[in-house]
Amino acid sequence: MSLLSQKLIQKSDVSDILDQVLHGNRLTLNDCIRLIRSNNPYSLGIIGNILRDKLYGKVATFVNNIILNYTNVCITYCKFCAFYRAPGDTEGYTLSVDDVVKRVVTARDLFGISQVLMQGGHNPDLKIEYYEEAFRTMKERCPDVAIHGLSASEIDNISKVEKSSTGEVLSRLKEAGLDSLPGAGAEILDDDVKSRISPLKIKSDEWLNIMKQAHEIGIKSSATMMYGTGEDDEQRARHLMKIAELQEKTHGFMSFIPWSLEPNNTKLQADGIIKYSSGGLELLKMIAISRIVFSGLIDHLQSSWLTNGVGMAQLALTYGADDFGGTLIGEEVVSATGARSTELTSDKIITAIKQIGFMAHERNNFYETIRIH
Ligand code: SF4
């Protein structure tokens with residue numbers, strides 16, 4: 001660490017916590033709150049970058065993937081969502097199993113994808129056989145493409161449609177070919193926040209419990225946080241601690257992905273509750289804090305280019321993130337906010353990684369390097 005960096009850290013309002021982290025000590029809720037309240041994101045970034053560098057040196061990974069938003073029909077009406085359409089809406093759509101499989105086959109042939117990230121609305125008309133048939137056919141046609149699909153709240157929705165348990169749904173989907181669960185639907189794991197922004201969605205303990213069930217039967221997952229919902233510092237800190245606690249028990253989270261709420265075209269913005277997103281500096285701070293809090297617990301931390309843009313994702317790699325995320329071809333959820341273009345080719349990601357002096361490693365669904373660029 002340079003002398004200047006050392007001085008910055010010594011002067012920081014959280015220097016005692018940063019010192020503990022460098023000695024491998026686990027943080028408390030109070031430490032976490034203090035990090036979030038720190039007025040010195042740069043010193044957090046120095047430590048985030050040191051922790052990342054110890055693990056990965058100058059390597060940053062990305063995955064060549066598509067997002068398959070199979071339906072926008074949803075009965076959960078989250079106030080931060082611009083993507084859903086109510087049942088019966090003329091703009092509602094649901095892809096047939098044939099179309100789902102065709103998109104995956106085409107993307108595999110055209111772009112050489114190794115992962116499909118499949119997420120959609122809580123469609124009350126889709127029975128579990130829809131997902132099972134889609135997964136089985138995808139695995140037959142594209143055995144080399146991993147299925148990273150269905151958030152905890154989609155699993156809950158299928159269990160309600162089927163009048164079955166979430167455990168049973170997870171087992172059947174695993175049997176059909178599901179490889180891992182995305183961490184979406186967590187937002188902020190605090191029921192006061194959830195009641196305000198997504199009152200009809202599963203509560204915090206249900207999200208954690210579905211993740212636990214998945215991990216226990218060998219389905220790995222990612223975890224996420226959508227901040228900037230009007231939550232307070234303690235609610236944000238508790239979110240991180242809840243994920244850390246579950247990870248200590250199950251070791252099933254492969255990665256953590258913090259992103260900011262994008263309020264364009266959402267009810268939260270229409271009601272004047274959230275006027276704009278949290279911005280770049282807050283992203284860098286949350287990246288650094290995530291690396292610090294999950295040090296020794298969750299290996300991978302994704303930079304969030306989708307909601308913050310490529311330039312911010314490059315900076316995030318220097319604040320503690322090690323993974324650029326995916327090419328996300330076909331994304332429609334964030335696109336619905338009209339915020340920005342939501343597709344990148346692998347060439348553009350490779351260039352973005354190289355521009356900041358890192359080596360670009362293409363990974364698979366399980367964060368194993370499959371190609372060095
Ligand atoms: S975030 Fe998901 S569950 Fe909520 S309204 Fe949008 S599609 Fe439905």
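## Strand pairing: β3 and β4

Two strands are taken to pair if DSSP finds at least two bridges between them. In this predicted model, strand β3, which covers residues 115-119, pairs with β4 in the parallel sense over four bridges.

Strand β4 itself spans residues 146-149. Ala146 and His148 point one way from the strand, while Ile147 and Gly149 point the other way, and all of these residues are buried.

## Overall architecture

The chain contains 16 helices and eleven strands. Its radius of gyration is 20 Å, close to the 21 Å that the globule rule gives for 373 residues, so the chain is as compact as a globular protein of that length. Taken along the principal axes, the C-alpha atoms fill a box of roughly 60 × 45 × 40 Å.

Buried residues account for 51% of the 373 residues in the chain. When contacts between residues at least 6 apart in sequence are considered, 77% of them join residues that are at least 24 apart.

## The open sheet around β1

An open sheet of four strands is arranged in the order β9-β1-β10-β11, and its pairing is mixed. The edge strands are β9, at residues 323-326, and β11, at residues 369-372, each of which pairs on one side only. From one strand to the next, the twist averages 30°. In general terms, the strands of a sheet pair through backbone hydrogen bonds, in either a parallel or an antiparallel manner.

Strand β1, made up of residues 59-63, pairs with β9 in the parallel sense over two bridges, and β1 also runs parallel to β10, to which five bridges join it. Thr61 can be followed in both directions across the sheet: its bridge partner in β10 is His361, and in β9 it stands opposite Asp323. Val63 has Gly326 as its bridge partner in β9.

Strand β1 is mostly covered, with four of its five residues buried. Helix α16, at residues 346-355, lies across β1, β9 and β10, and runs at about 140° to β10, the strand at residues 359-363.

## Surroundings of the ligand

The ligand is surrounded by Cys74, Thr76, Tyr77, Cys78, Cys81, Phe83, Tyr84, Gly121, His122, Ser153, Ser198 and Lys201. Sorted by class, this shell has six nonpolar, five polar and one charged residues.

Arg291 is part of helix α13, which spans residues 280-293. Arg291 counts as buried because 27 other C-beta atoms lie within 10 Å, where the cut-off for burial is 20 or more. Leaving aside residues up to four places away in sequence, Arg291 touches Gly48, Leu51, Arg52, Leu301 and Gly320. Arg291 and Ile202, by comparison of C-alpha positions, are 27 Å apart in space and 89 residues apart in sequence.

Ile257 belongs to strand β7, and with 24 other C-beta atoms within 10 Å it is likewise buried. With residues up to four places away in sequence not counted, Ile257 touches Gly183, Ser222, Thr224, Gln302 and Ser304. Ile257 and Tyr130 are separated by 127 residues in sequence and by 28 Å in space, C-alpha to C-alpha.

Most residues other than glycine have a negative phi. His251, although it is not a glycine, has a positive phi of about 55°. The place of His251 is in the loop between α11, at residues 233-250, and β7, at residues 253-260. Because His251 has 12 C-beta neighbours inside 10 Å, it counts as exposed, the limit for that class being 12 or fewer.

Asn265 is a further residue other than glycine with a positive phi, in this case near 65°. Asn265 is found in the loop between β7 and α12, the helix at residues 267-270. With 14 other C-beta atoms within 10 Å, Asn265 is partly exposed.

Terms used
Residues numbered from 1 in each chain as written. Predicted model: local features only at pLDDT ≥ 70, side-chain atom pairs only at ≥ 80, totals over all residues. Near = placed C-beta within 6 Å. Nonpolar A, V, L, I, M, F, W, Y, C, P; charged D, E, K, R; others polar. Rg over C-alpha atoms; globule rule 2.2 N^0.38 Å. Contact = placed C-beta atoms within 7 Å. Axes fitted to C-alpha atoms, helices over the stretch in contact; angles between N-to-C directions.
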